[in-house]
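Please take a look at the structure below. A short report on it comes after.

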Amino acid sequence: MPRGTEEGRVMDEVLSWLLQSEEPSVRWRVRTGVLGEADDTRSVRALRDEVRRSPRVRAIVKGAEGMRPYAKWKGPHWALLSLAGLGYPAGDSELSSLRDAVLDHWLAPRYMKDVDVSRATKAAAQAGVVRIAGRARRCGSQQGGALLAIVRLGIDDGRGATLAGRLREWQWPDGGWNCDVSPSAAMSSVNETLLPMRGLKSYADASGDTSAADTARGAAEVLLERRVAWRRSSAEPIAPDVMKTHHPVYWHYDFLAGLIGLMELGLLADPRCGDALDYLQSQRRPDGGWGADVKYWRVSDDGSNIESVSWGPVSRQVSNEWVTCEALTVLAAAGRL
């Protein structure tokens, strides 16, 4: 945008705000995702090492110790996903124990065998992955999230290929995944499709696996056919919460999370992203940032849905730097800044 305009002034101010953040992860995301700085420069590598040593990251790693792998949201599964999004440097052996806990869990024998049944039962679920009417009823967000995390963090010890293979086998005909055990369920879930799509794309980029890339591209159609956030049959949103931004995403889909995933596949130029991009721009606040509309976490030592750290304000009046980084990254990739 032209410098000297009001819009340009607001952009300068929001970038200055983010680049002065106490969070090195925010500064990393702005420099690489918004301003286009290469991730392998000496200064960015130093910044990513600062991320590794930051109080936020140390709290996340410590909070995961001794937790069940999928404990929401402190468990190793969620800790690795957070670290992958924060710019934690790749290949750190410190994360090996967290990786092993996660992969041992998601590659346990019950997930390596498919069981064809006419209806779901506890016994069938314990025996393997339930398949009803030819469709695997599996929460793809789980294995997909694990794959995304280990690839992004550079700690895939070879088991990523098994995760990718199982996700391909569980893919539904329309391209996505769903854990709905109702025999009549015939459409994929955006909640269960986003993370497998992103994980398979990251795996394909890292390994050169063209089958994984094709599977990820097929999954993108689940989002694109819905114009990222709307029902295929009407102008209504997929669900009310889909139009509300939040961070972290976890497995709760929203329109900005969908745009992030499609950005990673290089699909933001698809005309079916246009309405979601317009809506994202319309949600910008006068200060140039974006806010978190809802949250699914709380900071506590006990209970469910607990976090080791706060992820900033959840308010319609105050911008959230994490959501703002994501929004600006998407708009920069779409050529809308």
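## Basis of the model

This is a predicted model, in which local features need pLDDT of at least 70 and side-chain atom pairs count only at pLDDT 80 or more, while totals for chains, interfaces and linings use all residues. Residues are numbered from 1 along each chain as its sequence is written, and side-chain values use heavy atoms, with hydrogens and water left out.

## Core and cysteines

In soluble globular proteins, nonpolar side chains tend to be buried together. Here the largest nonpolar core has 94 residues. Such a core is a set of buried Ala, Val, Leu, Ile, Met, Phe, Trp, Tyr and Cys residues joined through side-chain atoms within 4.5 Å. Buried means under 20% relative accessible area, exposed means over 50%, and partly exposed lies in between (1.4 Å probe, protein chains only). The residues with the most contacts inside this core are Leu 95, Leu 259, Leu 262, Leu 280 and Val 330. Contact means heavy atoms within 4.5 Å. Beyond its neighbours within four places in sequence, Leu 95 contacts Val 61, Leu 80, Leu 83, Tyr 88, Leu 153 and Ile 155.

How many disulfides does the structure hold? It holds zero. A disulfide here is a pair of cysteine sulfur atoms within 2.5 Å. Cys 179 is partly exposed at 27% relative accessible area, whereas Cys 325 is buried at 3%.

## Two buried residues

Arg 166 sits in helix H9 (residues 160-170). Helices (H or I, at least four residues) and strands (E, at least two) are DSSP runs, numbered from the N terminus. Arg 166 is buried, with a relative accessible area of 7%. Its side chain makes a polar contact with the side chain of Asp 114 at 2.7 Å. The side chain of Arg 166 also reaches the backbone oxygen of Tyr 111 at 3.0 Å. A polar contact is a pair of N or O atoms within 3.5 Å; within protein, one must be able to donate a hydrogen and the other to accept it, and residues adjacent in sequence count only if both atoms are side-chain atoms.

Gly 87 is in the loop between helix H5 (76-86) and helix H6 (96-106). Gly 87 is buried, at 0% relative accessible area. Not counting residues up to four places away in sequence, Gly 87 touches Trp 28, Arg 48 and Val 51. Gly 87 and Val 26 are 61 residues apart in sequence, with their C-alpha atoms 9.0 Å apart in space.

## Helix H11

Helix H11 (residues 210-224) has 15 residues. From first C-alpha to last it reaches 21 Å, close to the 21 Å expected at 1.5 Å a residue. That expected span is 1.5 Å times one less than the number of residues. Asp 209 caps the N-terminal end of H11, with a side-chain oxygen 2.9 Å from the backbone nitrogen of Ser 211.

The buried residues of H11 include Ala 212, Thr 215, Glu 221 and Leu 224. What do the buried residues of H11 pack against? They pack against H9, helix H10 (190-207) and helix H12 (255-264).

## Salt bridges

The structure holds 29 salt bridges. Each is a side-chain nitrogen of Lys or Arg within 4 Å of a carboxyl oxygen of Asp or Glu. One of them joins Glu 94 and Arg 58 (2.3 Å, N to O). Glu 94 lies in the loop between H5 and H6 and Arg 58 in helix H4 (residues 55-64), so the pair ties together parts 36 residues apart in sequence.

Arg 316 and Asp 293 meet in a salt bridge at 3.8 Å, N to O. Arg 316 is exposed, with a relative accessible area of 58%. Salt bridges that share partners also join Arg 99, Asp 100, Asp 104, Asp 157 and Arg 159 into one network.

## Backbone features

Most residues other than glycine have a negative phi, and most peptide bonds are trans. A cis peptide bond joins Lys 72 and Trp 73, with omega about -5 degrees. The bond from His 247 to Pro 248 is cis too, with omega near -5 degrees.

Val 228 has a positive phi of about 80 degrees although it is not a glycine. Val 228 is buried, at 0% relative accessible area. Tyr 250 has a positive phi near 55 degrees and is buried, at 7%.
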